Amino acid sequence: MKMQRSDEWLNTSQNEPRGYIQPQKLDELWFHTGTNCNLRCPFCFEGSKPGDNRIEFLTLKEARGFIDEALELGVKKFSFTGGEPFVNPEFIQILDYALEHRPCLVLTNATEPLMNQIGEVLPLRDKPNPLNFRVSLDHPDPVKHDESRGRGNFRKALDTLGRLHRGGFGVSIARQMLTDEDSDTVDQAYAPYFENAGVPANLLIIKFPEFHLPGSLPQVAEITESCMTRFISPEQRATFMCSFSKMIVKKNGQCGVYACTLVDDVENYDLGNTLHDAMKQRVLLGHHRCYSCFAGGASCSEGS
Amino acid sequence: MNTLTVLNVIFITDELFELQVERGDVQFEPGACVALFNNGDESRPYSIAAGSEEDILRFLIRRVPNGLVSDWLAQRKPGDLVQASAPFGWFRPGRSVNGERSIFIATGTGIAPFLSYLRSYPLQIPELCLYGVRRLEEGFNLKELQNLYNFRLALSQEEVSSHFHGRVTGLLELIPLATDIHYYLCGLDTMIDETSKWLEDHGVAYTQIHREIFFYEDATL
């Protein structure tokens, strides 16, 4: 499905031209492996849970086509998110193929699906390109983490984080960011857990604000074309994920190229079936999560 | 999404039952789960207990008081329809690589994936199968399991001659330890944690231990 160009979409509610990003290059290609997940976290902005099929499992054949096309466009990195990627039955094969060509990043909850397959994952350290894992550790308090993710899952995720680090992979964590938090203090609170897991104390911590459930419509300011030119420099616009990345999403049996990792619940962000076509299209900043990027520079990327 | 017709609901106690549904064209490997839905959009994953060549699907379910899905499933009658996801999963008991051996350890309804395996591959039996329940009446398919020469049942809340009295983790010393054995654990989280730690403490490689947690609660099995 191509992006629709209705007036309502092109303009804000005040009838001003909506802000947009003109994609510049494809540095990073994300793949959504499917919303099926072993966990059922109430805050999940993807709405993922066991058996969920809103976004379907990507197959190796489908992923290969986009990997090959992305290589033609000069992609520097492949990244994978879910759901839980290791629930996808073809994920390790997909990763194996991607690692033949470029460095890869996998977002994971690091619980049973990965734990049970770690014997198949460890040999991937011998591939031509490095593999990094970003493990979800929502809070530096195991009780708070487990309230949403299930009892014992902080300990399991931390244990797996350590095993991945010792196995020779790069690791980082993702956590939730509260609006009134002292970020440095929160980050520092992870230090004793990192020490116990045997990972570096200065491990990269990616912070995410509240993104709300899929399909939700929280009230946020609208981003106009004027906002994007008056307050955001060309250099800053180039750091928006939709400027340098895309995401592959499979719905209703068909893969589409979406503008970024956070907007797969709005069909206007389906930019077509090929990366070549998608890269030509302006990305209108009309999703409430676009405001997170605008206001806070939220990014799923870790750079190349 | 699949729509499956209920064939039977067989209670073995007030809270434990086997749900049998028509298979349709569902394809699966032993260890696979299916998310079963209630009459709304709530779902819970249940492991398939049927063999991969059977014409029906079987699920072993514990009725959770006021549970959104299990309670609704418990009230189904033959001919009712149940919505189900496609099979999925990350637990593959007995999936042998290079002829490696297997050991199964289960509590409660966690026996389901192992029953599926045993029914699918009746000639590829595990080295040992340990099963823990509270009372004898709570054991699913015991006659079938007791045909295995290497099956041991642990009853934590009942003394019955010929069965071990205590939690299933009281039988860990029976487990053979070797580098070519894979250890598959399914059921209660505390059993899985304790058994995993015991295995690692006894030199079993982490990559040889496979886990599937079915329920979290105070350890009673």
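Reply: Helices α6(A) and α7(A) are roughly perpendicular to each other. In this predicted model, helix α6 (residues 142–149) of chain A and helix α7 (residues 153–166) of chain A pack with their axes 8 Å apart and at an angle of about 105°. Since angles of 65 to 115 degrees count as roughly perpendicular, the pair is therefore given that description. On the side of α6(A), the residues that take part are Pro142(A), His145(A), Asp146(A) and Arg149(A). They meet Asn153(A), Phe154(A) and Arg155(A) of α7(A). Sorted by class, this contact of α6(A) with α7(A) holds three charged residues, two polar residues and two nonpolar residues.

Another pair of helices in chain A may be set beside this one. The axes of helix α2 (residues 60–72) of chain A and helix α3 (residues 91–99) of chain A come within 9 Å, and they cross at roughly 20°. With angles under 35 degrees counted as roughly parallel, α2(A) and α3(A) are therefore roughly parallel to each other. Their crossing is right-handed. From α2(A), the contact draws on Leu60(A), Ala63(A), Arg64(A) and Ile67(A). From α3(A), the partners are Gln93(A), Ile94(A), Tyr97(A) and Ala98(A). The classes in the contact of α2(A) with α3(A) are six nonpolar residues, one polar residue and one charged residue.

Two details of the backbone of chain A also deserve attention. Gly82(A) and Gly83(A) are joined by a cis peptide bond, with omega of about 15°. Gly83(A) lies in the loop between β3 (77–81) and α3 of chain A, and α3 of chain A is one of the two helices in the roughly parallel pair. The other detail concerns Ala110(A), where phi is near 60°, a positive value in a residue other than glycine. Ala110(A) is placed in the loop that runs between β4 (104–108) and α4 (112–115) of chain A.

These parts belong to a chain whose secondary structure comes to 14 helices and ten strands. The radius of gyration of chain A is 19 Å, close to the 19 Å that the globule rule gives for 304 residues, so chain A is as compact as a globular protein of that length. Taken along the principal axes, the C-alpha atoms of chain A fill a box of roughly 55 × 45 × 35 Å.

Chain A also has a partner. Between the two chains, 18 residues of chain A are in contact with 19 residues of chain B. At least two residues of the side of chain B that touches chain A are supplied by each of β3 (33–37), β4 (43–47), α4 (189–201) and β12 (209–215) of chain B. The most comes from β12(B), which gives four residues to that side. By class, the side of chain B that touches chain A has four charged, four polar and eleven nonpolar residues.

Chain B itself has four helices and twelve strands. Its radius of gyration is 17 Å, close to the 17 Å that the globule rule gives for 221 residues, so chain B is as compact as a globular protein of that length. The C-alpha trace of chain B spans about 50 × 40 × 30 Å along its principal axes.

Within chain B, there is a division into domain 1 (2–84) and domain 2 (101–215). The C-alpha centres of these two domains of chain B lie 23 Å apart. Across the boundary, 13 residues of domain 2 of chain B are in contact with 16 residues of domain 1 of chain B. Strand β5 (residues 56–62) of chain B provides the largest share of the side of domain 1 that touches domain 2, namely three residues. That side of domain 1 of chain B divides into three charged, five polar and eight nonpolar residues.

Key
Residues numbered from 1 in each chain as written. Chains lettered and ligands numbered in written order. Predicted model: local features only at pLDDT ≥ 70, side-chain atom pairs only at ≥ 80, totals over all residues. Axes fitted to C-alpha atoms, helices over the stretch in contact; angles between N-to-C directions. Parallel < 35°, antiparallel > 145°, perpendicular 65-115°, else oblique. Left-handed = near helix turned anticlockwise from the far one by under 90°. Contact = placed C-beta atoms within 7 Å. Nonpolar A, V, L, I, M, F, W, Y, C, P; charged D, E, K, R; others polar. Domains from an automatic or database assignment. Rg over C-alpha atoms; globule rule 2.2 N^0.38 Å.
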